[in-house]
Amino acid sequence: MRIYVDFDDCLCETGRAFSRLALEMFGKHVPYEQMHDFEMDKSFDLDAEQYRQFMLRGHEPEMLLSYDATPGAAETLNEWISRGHEVSVITGRPSSAYEPSRTWLDAHGLKDVRLYCLNKYGTDSLFGGGHRSLSLEDYYRVKFDYAVEDSPKAFRFFGHLPELKVLVFDRPWNRDCAFPNPNYRRCADWESIRRIVAGG
Ligand SMILES: [Mg+2]
């Protein structure tokens, strides 16, 4: 099987780190559980310049390397790889974040997963340069069997795969969203994701 796995808020606790960062940078106190919007500028009520600074800071290597691992992620991905499944981490982080992201994966027991940057959210222009690791054209050529994703904004990248089973990692910002079709399932943690794929 081919399995797509998102990085932020699937493999690591980016939302919680961003909640702390918004408080530190701008004095905006929005606890993780109250982050109801995936758009960080809306969640933290940031103006355009604050948002730009926030995104740049949040993608600095030192920050990217500091994100806590989501419990059970590495064990599950490594189990899939050992069973012969092809696991690709496809992140919306800009390609400038590739190296620290790779380093984080290696340091958290995920040396064997592939990593690709795909401009999912149109934020690449914030970071300068239009280079991307994975072109949309190449992305759309691959047929995945499962996807693990937390962001409703990324669901549009699954529309071409009607059979794809999308496991939506439960986060405060995806609780109100409507799922595009019955192949989408909300999953509370990696243990439930592991069980669904094993039973699959
Ligand atoms: Mg994510």
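Reader: Is D45 buried, exposed or partly exposed?

Author: This is a predicted model. In it, D45 is partly exposed, because 13 other C-beta atoms lie within 10 Å; a residue counts as exposed at 12 or fewer and as buried at 20 or more.

Reader: Where is the place of D45?

Author: D45 sits in the loop between α2 (40-43) and α3. Its backbone has a positive phi of about 55°, although D45 is not a glycine.

Reader: And D9, which is not a glycine: what phi does it have?

Author: D9 has a positive phi of about 65°. This residue belongs to the loop between β1 and α1.

Reader: Is D9 buried or exposed?

Author: D9 counts as buried, because it has 25 C-beta neighbours inside 10 Å.

Reader: Turning to the sheet, what order do the strands have?

Author: The sheet is open and has 6 strands, in the order β3-β2-β1-β4-β5-β6, and the pairing is parallel. Its edge strands are β3 (114-117) and β6 (184-187), each of which pairs on one side only. On average, neighbouring strands of this sheet are turned by 20° against each other, ignoring direction.

Reader: How many bridges join β1 to β4?

Author: Strand β1 (residues 2-5) is joined to strand β4 (residues 146-149) by 3 bridges, and the two strands run parallel. Within β4, Y146 is the residue that stands opposite I3.

Reader: Which strands does helix α6 lie across?

Author: Helix α6 (residues 98-107) lies across β2 (86-91) and β3, and runs at about 155° to β3.

Reader: Now the helices. At what angle do α1 and α3 pack?

Author: Helix α1 (residues 14-26) packs with helix α3 (residues 48-58) at an angle of about 125°, and their axes are 11 Å apart. The two helices are therefore oblique to each other, since the roughly perpendicular range ends at 115 degrees and roughly antiparallel requires over 145. The crossing in which α1 passes α3 is right-handed.

Reader: Which residues make that contact?

Author: From α1, the contact is made by F18, L21, A22, M25 and F26; from α3, by Q50, Q53, F54, R57 and G58.

Reader: How do the residues of this contact divide into nonpolar, polar and charged?

Author: The contact of α1 with α3 has 6 nonpolar residues, 3 polar and 1 charged.

Definitions and conventions:
Residues are numbered from 1 along each chain as its sequence is written. This is a predicted model: local features need pLDDT of at least 70, side-chain atom pairs count only at pLDDT 80 or more; totals for chains, interfaces and linings use all residues. Two strands pair if DSSP finds at least two bridges between them. Helices (H or I, at least four residues) and strands (E, at least two) are DSSP runs, numbered from the N terminus. Axes are lines fitted to C-alpha atoms, for helices over the stretch in contact, and angles run from 0 to 180 degrees between N-to-C directions. Two residues are in contact if their C-beta atoms, placed from the backbone, lie within 7 Å. Angles under 35 degrees count as roughly parallel, over 145 as roughly antiparallel, 65 to 115 as roughly perpendicular and the rest as oblique. A crossing is left-handed if the near helix is turned anticlockwise from the far one by less than a right angle, and right-handed if clockwise. Ala, Val, Leu, Ile, Met, Phe, Trp, Tyr, Cys and Pro count as nonpolar, Asp, Glu, Lys and Arg as charged, and the others, Gly among them, as polar.
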